[in-house]
Amino acid sequence: MSQKTKRAILQAAEVLFAEQGYAQTSMRTITARAGVNLASVNYHFGSKKNLIQAVLKQYFDVLMPQIDSTLDHVKPEHGEAGVQAVLSALIAPMLTLKKVQVNGTELFVQLLGRGYNESQGHLRRFIMQDYGVTVRKLTKTIKQCLPEVSDEQLFWRLHFAIGSFVFSMASSKALREIAESDFQQKVDISDVIVQLVPFVASGVSSTNHENG
């Protein structure tokens, strides 16, 4: 029963956090949706920050080991083609988040985006503390494709790339409906990501930026 209660809290919290944001979602709303009392949330998670991190942890624990393993088999090529190859290699790990939830890929990216939009500083500390090795490994791999780009410029480019990814995933349902209505194309989340990768790779590797 205890694990069932914990799972109900996590499922309620992740949907509400994705829909409403972390700051706007009250513990009272979460307990009402999960059908539990506040004492149960405090017992399992201790605080709202811990609950937010636990929601993301269930996705990161599936995703990050796969990214780490994938990067071990990537041989970085120079330039845009290299960046695109690295990003393309991450598609399969991202899609396995469906194992956490049916729409796990979209939910995860929305949750991540909420963290950026709402300046949830504790999330960055949590991610870098628990998964920093893989984050730095990914950054280093992309840097190997773009040795001429300064660390500062790469930071900005990757930040904007994440923004594009978050927006596209958050609006993926609308994008799929438009594709079907206007172009008679039936697409799923993997098709959206495949369309996005070349666009993001081009932006990250652009030679038109000043490399301050």
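Analyst: Happy to; here is how the labels follow from the values. The model is predicted, so local features need pLDDT of at least 70 and side-chain atom pairs count only at pLDDT 80 or more, while totals for chains, interfaces and linings use all residues. Residues are numbered from 1 along each chain as its sequence is written, and side-chain values use heavy atoms, with hydrogens and water left out.

User: Why is the pair formed by Phe17 and Tyr22 called tilted?

Analyst: Rings of Phe, Tyr and Trp (its six-membered ring) pair if their centres lie within 6.5 Å; planes under 30 degrees apart are stacked, over 60 edge-to-face, the rest tilted. Phe17 and Tyr22 have centres 5.0 Å apart and planes at 55 degrees, so they are a tilted pair. Both Phe17 and Tyr22 are buried (under 20% relative accessible area, 1.4 Å probe, protein chains only).

User: How do you know that the span of helix 9 agrees with its length?

Analyst: Helices are DSSP runs (H or I, at least four residues), numbered from the N terminus. The expected span is 1.5 Å times one less than the number of residues. For the 20 residues of helix 9 (residues 151-170) that gives 28 Å, and the end C-alpha atoms are 28 Å apart, so the two agree. Among its buried residues are Leu154, Leu158 and Met169.

User: What makes Phe60 and Phe108 contact partners?

Analyst: Contact means heavy atoms within 4.5 Å. Leaving aside neighbours within four places in sequence, Phe60 meets this with Phe108, and also with Pro65, Leu112, Phe126, Ile127 and Tyr131. Tyr59, Phe60, Phe108, Phe126 and Tyr131 also form one aromatic cluster.

Key:
Helix = DSSP H or I, 4+ residues; strand = E, 2+ residues; numbered from the N terminus. Buried < 20%, exposed > 50% of the residue type's maximum accessible area, 1.4 Å probe, protein only.
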